[in-house]
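Here are my notes on the model, as numbered points. Please read them with the structure open.

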Amino acid sequence: MSLNNQVEKTVKVYPNNESASIYVAQRIALLINQKKIQGEKLILGLATGSTPKLVYRELIRLHRYEGLSFRHVVTFNLDEYYPMQPVDEQSYSAFMNANLFDHVDILSENIHIPNGTLSMEQVEAHCDLYEKKIKDFGGLDLQLLGIGRTGHIGFNEPGSELHSATRLVTLNDITIEDAIMDFGSRERVPKQAITMGIKTITQAKEIILLALSQRKAEIIHQALEGMISAGVPATYLQQFKNVEYVLDQEAASRLTR
Ligand code: PGA
């Protein structure tokens with residue numbers, strides 16, 4: 001069986017961003033509830049950006065109206081800008097609070113987001129500790145991913161290695177350009193970030209890569225149908241069986257197979 005056949009089996013295309021996002025939220029809710037029945041916590045890797053917003057909105061709705069509880073959910077976010085204060089509006093901490101955590105019953109001690117406030121000298125030990133904490137919880141049960149126009153997952157920009165772990169990285173120009181809207185000007189966009197590595201991500205028991213809108217059509221084509229290469233880090237996922245690609249019709253529009 002070719003790799004592409006393998007990929008084909010795990011691509012789900014939905015008519016629009018809302019139906020794709022509701023599917024992902026329901027998958028997460030199902031896993032939370034399955035773990036709860038087993039008396040275990042769900043270790044959940046989370047993403048930021050515009051892509052997961054509707055997923056989080058649906059999770060909040062499930063919490064409010066359908067009894068979904070996050071008390072036994074432990075989260076690890078993929079990344080954070082560096083340097084960055086959690087109180088800053090553009091921080092991924094603030095994003096997660098506004099879009100999910102403030103609206104559900106998650107315990108604050110169960111939330112993990114890379115710390116963008118540390119000095120350069122402290123960063124490496126922090127990254128090692130982030131990896132250790134994930135391992136101590138038995139690894140990520142599910143990692144939710146978006147994809148950047150560079151093909152990054154987390155902030156693993158082109159050139160990232162398959163065996164990379166959580167670390168400080170330099171952002172690609174296209175990624176900086178895409179962040180200008182949030183920060184107001186190019187100068188204000190941090191040039192670096194702390195991100196889980198490709199290895200950290202691919203060790204998750206399950207991975208869902210969500211891509212929405214026409215903006216992602218070209219990179220989704222490359223990520224799923226292109227050669228596996230460090231030039232498009234999302235192509236690394238082709239080698240793993242536990243990856244599900246959830247797309248809306250626009251993001252899937254350039255797929256040929
Ligand atoms: P976006 O970013 O969801 O804002 O498009 C995705 C990403 O960069 O991973």
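Predicted model: local features only at pLDDT ≥ 70, side-chain atom pairs only at ≥ 80, totals over all residues.

1. Start with a loop. S213 sits between strand 9 (206-211) and helix 8 (217-225), in the loop that links them. S213 is not a glycine, yet its phi is positive, at about 85°. Most residues other than glycine have a negative phi, and most peptide bonds are trans.

2. Y82 and P83 are joined by a cis bond, with omega about -5°. P83 belongs to the loop between strand 4 and helix 4. Strand 4 covers 79-82 and helix 4 covers 92-99.

3. Now the ligand. Which residues are around the ligand? They are G49, S50, T51, G146, I147, G148, H152, R215 and K216. By class, this shell holds one nonpolar, six polar and two charged residues.

4. S50 uses the backbone: one of its N or O atoms is 2.9 Å from a ligand oxygen. H152 uses the side chain, with a polar atom 2.6 Å from an oxygen of the ligand. K216 also places a polar side-chain atom 2.6 Å from a ligand oxygen. As for cover, the ligand taken alone exposes 280 Å², and the protein buries 78% of that.

5. Where does the ligand sit? The space that the ligand takes is the largest pocket. This pocket has a volume of about 760 Å³. Its lining counts 30 residues, and those closest to the pocket centre are T48, G49, S50, Y92 and D182.

6. Which elements supply at least two residues each to the lining of the largest pocket? Strand 4 (79-82), helix 4 (92-99) and helix 6 (173-183) do. Helix 6 gives the most, with six residues. The classes in the pocket lining are 10 nonpolar, 11 polar and nine charged.

7. Rolling a probe the size of a water molecule over the atoms shows where empty space is left. How many cavities of 30 Å³ or more does a search of the whole structure find? The search finds one. The largest cavity has a volume of about 40 Å³. I32, K36, S69, R71, H72 and V73 line this cavity. Its lining divides into two nonpolar, two polar and two charged residues.

8. One is the positive phi of S213. Another is the cis bond between Y82 and P83.

Methods
Residues numbered from 1 in each chain as written. Heavy atoms only, no water. Near = heavy atom within 4 Å. Polar contact = N/O pair within 3.5 Å; in protein donor to acceptor, adjacent residues only side chain to side chain. Areas by Shrake-Rupley, 256 points an atom, 1.4 Å probe, with all protein chains shown as cover. 1 Å grid on protein atoms, 1.4 Å probe; cavity = no way out; pocket = protein on both sides within 12 Å on 5 of 7 lines; lining within 4 Å. Sits in = over half its atoms within 2 Å of the grid points. Nonpolar A, V, L, I, M, F, W, Y, C, P; charged D, E, K, R; others polar. Points joined across faces, edges and corners; volume = space filled by probe spheres on them. Helix = DSSP H or I, 4+ residues; strand = E, 2+ residues; numbered from the N terminus.
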